[in-house]
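Subject: Structure for your files, with notes

Hello,

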Amino acid sequence: MTDNLSPADAAKSAAALRAASYVKSGMKIGLGTGSTAAWLVKHLGERVRSEGLDIIAVPTSTRTAEQADAEGITITSLNDAKWLDLTIDGADEYDADLALIKGGGGALLQEKIVATASDRMIVIADETKFVDRLGRFPLPVEVLGFGMTATQMLIEEMLEGLDVSGSKAVPRMDGDALFVTDEGNHILDLHLERIGNPRQLSLVLNQVPGVVENGLFVDICDICITGFANGRIEVRDIARGSVETTENPNAFLDLAD
Ligand code: 5RP
């Protein structure tokens, strides 16, 4: 099944397939956004069709909603679902504490609300997303359009006094226009290079008037499943304090090809 996939897609698909095994009939599931989450939606769709997996899903973007619908997965709103058993999503960076940077795809607001309204969050990623310290990936911050320039200036000033290695806030563009989120807001990408204290930064950012939400996920993710191009899987479980590795379960099949 991993034939003809690029190494990156093979890794993402492997992580997503393992995460899909945590999903059982009767569950209410949050579905993330991005290229890795798209593999999850594909694998869950296959289970819905082949096994009759009976789930209700809350997507975190219009993109994911459209894909889930096309895969035959029943979708609903978070208001109707009220609370979720599990959310599975990608990430732009994660560290050993499973603190995350999210929002590269611009869906951080719904992603954070959905993940926080879930009993558990599993992140799926390829090996490139693991970092010793968050911050190399520009931190997305969703802001209101009203007074956005003032919000940008306030954030840059505030960053000067914090444990980060950069302070530039760059409005995200979509061609010649500002990028618009599903909620009709915009994104500032913060070029920080190094975030010394993600928890403090997240709290302080959300105090700035005009900031709707930031892409730091601290104490939200429970498990991170990392896929590798050869099919190897690494599962980091923060509650158990464990990192378990499974070598490629299809290695012998590959050799037989
Ligand atoms: C979207 C996100 C994504 O989860 C993140 O950008 C990772 O995406 P990908 O799996 O395509 O690398 O936060 O807002």
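A residue is called buried under 20% relative accessible area, exposed over 50%, and partly exposed in between, with a 1.4 Å probe and protein chains only. By that scale Gln110 counts as partly exposed, at 22% relative accessibility. This is a predicted model, in which local features need pLDDT of at least 70 and side-chain atom pairs count only at pLDDT 80 or more, while totals for chains, interfaces and linings use all residues. Residues are numbered from 1 along each chain as its sequence is written, and side-chain values use heavy atoms, with hydrogens and water left out.

Helix H5

Gln110 is found in helix H5; helices here are DSSP runs of H or I with at least four residues, strands are runs of E with at least two, and both are numbered from the N terminus. From Gln110 to Asp132 the sequence separation is 22 residues, and their C-alpha atoms are 27 Å apart. Glu111 also lies in H5, which spans residues 108–116. Glu111 is buried, with a relative accessible area of 3%. Its side chain makes a polar contact of 3.1 Å with the side chain of Lys102. A polar contact is a pair of N or O atoms within 3.5 Å; within protein, one must be able to donate a hydrogen and the other to accept it, and residues adjacent in sequence count only if both atoms are side-chain atoms.

Strands of a sheet pair through backbone hydrogen bonds, either parallel or antiparallel. For the notes below, two strands pair if DSSP finds at least two bridges between them. At the S3 end, strand S2 (residues 56–59) pairs with S3 in the parallel sense over two bridges, and Ile56 stands opposite Thr74.

Strand S15 (residues 223–227) is joined to S16 by five bridges, with Gly227 partnered by Ile233. Five residues lie between the strands in this hairpin, where Gly231 takes a positive phi near 95 degrees. S16 in turn pairs with strand S17 (residues 242–246) over five bridges, and Glu234 stands opposite Thr245. The hairpin of S16 and S17 has four residues between the strands, and Gly241 there takes a positive phi near 65 degrees.

How many of the five residues of strand S16 are buried? Five of the five residues of S16 (residues 233–237) are buried, so this strand is largely enclosed by the rest of the structure. Ile233, Val235 and Asp237 point one way from S16, and Glu234 and Arg236 the other way. Arg236 counts as buried at 16% relative accessibility. The side chains of Arg236 and Glu234 are joined by a polar contact of 3.5 Å.

The three-stranded sheet

A second open sheet has three strands in the order S5-S6-S14, with antiparallel pairing. S5 (93–94) and S14 (216–217) stand at the edges with a single partner strand each, so one side of each is left without a neighbour in the sheet. Two bridges join S5 to strand S6 (residues 100–101), and the partner of Glu93 in S6 is Ile101.

The second largest pocket

A pocket, on a 1 Å grid over the protein atoms alone, is an open set of points where a 1.4 Å probe fits, with protein on both sides within 12 Å along at least five of seven lines; lining residues have an atom within 4 Å of a point. The second largest pocket has a volume of about 210 Å³, taken as the space filled by probe spheres set on the points, which are joined across faces, edges and corners. It is lined by 14 residues, and the closest to its centre are Asp95, Asp97, Ala99, Gly196 and Pro198. Domain 1 (2–131 + 219–246) and domain 2 (139–213) both give residues to this lining, so the pocket lies between them; the domain bounds come from an automatic or database domain assignment.

Asn197

Asn197 lies in the loop between strand S12 (186–191) and helix H7 (198–205). Asn197 is partly exposed, with a relative accessible area of 34%. A polar atom of its side chain lies 3.0 Å from the backbone nitrogen of Gln200. Asn197 and Glu183 are 14 residues apart along the chain, and 28 Å separates their C-alpha atoms.

Regards
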